[in-house]
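This report describes the helix packing, the chain contact and the backbone geometry of the structure shown below.

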Amino acid sequence: MNLFIDTHLNDVVIILEENGKIKKEKILKDVPENSKVIMPTIKKVLAKAVPNSIIVVNGPGSFTGVRLGVTIAKTLAFTMQKPIRTITSLECLAVSTEEDEKIVAFSDKNGYYIGIFDNEYNLVGNYEYLSNSEYEEYSKNYHVLTDITLDYSKIIAYALTKKELNPHEVNPIYVKKIAVEK
Amino acid sequence: MKDVYILSVETSCDETSIAIVKNGTEVVALTILTQMDTHANFGGVVPEIASRMHTENITMVLEEALNKAHMKVEDVDAIAVTYCPGLLGSLLVGVEFAKVLSYVYDKPLIKVNHLIGHIYANKIDNKMEFPVLALVISGGHTELIKMTGDYEFEKLGETEDDAIGEAFDKVARVIGLPYPGGPNIEKLAREGNNTYKLPKPVMDDTYNFSYSGLKSSVINLVNNERQRGNEIRKEDLACSFQTTAVEELTRKLELALKNTGIKNVIIAGGVSANKYLRGQIQELCDKYDAKLNLPEFIYCTDNAAMIGAAAYPLYLKGDFADLDLNAKSTSSIC
């Protein structure tokens, strides 16, 4: 059994997967204060079960959202002594599309997170964050996939092929610069 | 009675700290990872960076605290965490972390107010006796509180505008001292004299404080001198400011000592680390034959041991939080 945690935007996604099948899934849309609901939702999904491994979406996305998911996941993995793996929010999109040209993106209030992937889902170059106006220019020249429906079975299967990490070393990726970094 | 061990977590600002405290008074282990050097590069705490560093380090801080205590999380009776007040993003990391411990090990979760934590720093090694006058002085708070027992607070007075620590930091910036401002003013003040005439804050008979007038007058003085092309004697200005700022505290504390007849005083909060202030309050307490308790220096600044001490009375009352606990950036003691 594998526990999947995704809180990188305002949705809270908690899934329990076993042998390629989704056993239990809770997807809460537009949660205003997700700190109130993430742990209660994990408790509900796990019931009394102890997962064999943890998968967490480690960003990019809402700074606080990603941070809460990652903090919870690494602490679960550390205390339960279970393997932990990360998958990025943009990898989740790339894995969920059949298209060959995988330029995937999603937006927040001020702009777009973008990633380019090959057919083995390897990232080409780096993740970028474009402002709304930069994105408008960019999307004139490239075919960007923005309306991908997430396929959690595929996402979890792909994440399980990734390397196990030491929980201490699991950290969010933020991509978007903050004022003091500019 | 069976001994009670509480594992406590504090992440309200720029220290990631975890402690194990026995019976609310004995520190079994304390780990504090400070981010001060990182934030010093930016001239002050950058909230987003503080939150990031808490997430990076928190499981390592736990491991170190457990190793120091030679204990496992299984061995403790409860998990306590600071949930207010402080930087929201930073608080949230500690709160979610503590919830996971509470969930995985099936231990009660106790939510603790950071300011009450500073007061209970005085309980460590059994130093606090009731009734007591507590002066809570930090970057966000300046309050005079009367306590008649555990968690029995009566607010006598508070700041009407800026907190004392805030005034120290702003004055430090105006005279060009690096972060952290408070300790640097104190250091500089030792080399100076009280020669600048600064206005005394409101001389009324309430227990309330005011620091914005004092702060503004320092800023105006610096600007006026600069416009006239005069050098500011930084040491003297630091000393004059500190003297006036501390006088405001001692005057109101003296009023409370006189009116209440209480013979115990504690000081809590980051500004209580100021040695000049400690000396002045000690003198005042001697005058009124009152006993002043000061926590050890390590328990004055942010630390998780004080959170464990403050959680203990709540543990005895069975005052527990659920997994839907949220953090709050603001809050007062009472």
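## Packing of H8 and H9 in chain B

Helix H8 (residues 234-260) of chain B packs with helix H9 (residues 275-287) of chain B at an angle of about 30°, and their axes are 10 Å apart. Helices (H or I, at least four residues) and strands (E, at least two) are DSSP runs, numbered from the N terminus. Axes are lines fitted to C-alpha atoms, for helices over the stretch in contact, and angles run from 0 to 180 degrees between N-to-C directions. H8(B) and H9(B) are therefore roughly parallel to each other; angles under 35 degrees count as roughly parallel, over 145 as roughly antiparallel, 65 to 115 as roughly perpendicular and the rest as oblique. The crossing of H8(B) past H9(B) is right-handed, a crossing being right-handed if the near helix is turned clockwise from the far one by less than a right angle, and left-handed if anticlockwise.

On the H8(B) side, Gln242(B), Val246(B), Thr250(B), Leu253(B) and Glu254(B) meet Tyr276(B), Leu277(B), Gln280(B), Ile281(B) and Leu284(B) of H9(B). Two residues are in contact if their C-beta atoms, placed from the backbone, lie within 7 Å. By class, the contact of H8(B) with H9(B) comprises six nonpolar, three polar and one charged residue. Ala, Val, Leu, Ile, Met, Phe, Trp, Tyr, Cys and Pro count as nonpolar, Asp, Glu, Lys and Arg as charged, and the others, Gly among them, as polar.

## Basis of the model

The model is predicted: local features need pLDDT of at least 70, side-chain atom pairs count only at pLDDT 80 or more, and totals for chains, interfaces and linings use all residues. Residues are numbered from 1 along each chain as its sequence is written, while chains are lettered from A and ligands numbered from 1 in the order in which they are written.

## Contact between chains A and B

In chain A, 26 residues are in contact with 25 residues of chain B. Helix H1 (38-46) and helix H2 (63-80) of chain A are the elements that give two or more residues to the side of chain A that touches chain B. The largest share of that side, 13 residues, comes from H2(A). The residues of the side of chain A that touches chain B comprise 14 nonpolar, seven polar and five charged.

H2(A) and helix H3 (residues 88-105) of chain B have axes that come within 9 Å and cross at roughly 30°. That makes H2(A) roughly parallel to H3(B), and their crossing is right-handed. The H2(A) residues Thr64(A), Arg67(A), Leu68(A), Thr71(A), Ile72(A), Thr75(A), Leu76(A), Thr79(A) and Met80(A) meet Gly89(B), Leu92(B), Val93(B), Glu96(B), Phe97(B), Val100(B), Leu101(B) and Val104(B) of H3(B). This contact of H2(A) with H3(B) has 10 nonpolar, five polar and two charged residues.

## The buried face of H1 in chain A

Within H1(A), the residues Ile38(A), Met39(A), Thr41(A) and Ile42(A) are buried. A residue is buried if 20 or more other C-beta atoms lie within 10 Å of its own, exposed if 12 or fewer, and partly exposed in between, with C-beta atoms placed from the backbone. Seen down the axis of H1(A), its buried residues fall within an arc of 160°, so they line one face of the helix; the arc is that of the directions from the helix axis to the C-beta atoms. These buried residues of H1(A) pack against strand E2 (12-18), strand E3 (21-28) and H2 of chain A together with H3 of chain B.

## Surroundings of Pro167(A)

Pro167(A) is placed in the segment after helix H5 (152-160) of chain A and is buried, with 22 other C-beta atoms within 10 Å. Leaving aside neighbours within four places in sequence, Pro167(A) is in contact with Lys74(A), Ala77(A), Phe78(A), Ile84(A) and Thr59(B). Pro167(A) and Ser53(A) are 114 residues apart in sequence and 11 Å apart in space, C-alpha to C-alpha.

## Backbone geometry

Most residues other than glycine have a negative phi, and most peptide bonds are trans. Ala47(A), a residue other than glycine, has a positive phi near 50°. Ala47(A) is found in the loop between H1 and strand E4 (53-57) of chain A and is exposed, with 8 other C-beta atoms within 10 Å. Val175(A) has a positive phi near 65° and lies in the segment after H5 of chain A; with 18 C-beta neighbours inside 10 Å, Val175(A) counts as partly exposed.

In chain B, the peptide bond from Cys84(B) to Pro85(B) is cis, with omega near -25°. Pro85(B) lies in the loop between strand E4 (78-84) and H3 of chain B. Tyr179(B) and Pro180(B) are also joined by a cis peptide bond, with omega about 0°, and Pro180(B) lies in the loop between helix H5 (164-174) and helix H6 (181-189) of chain B.
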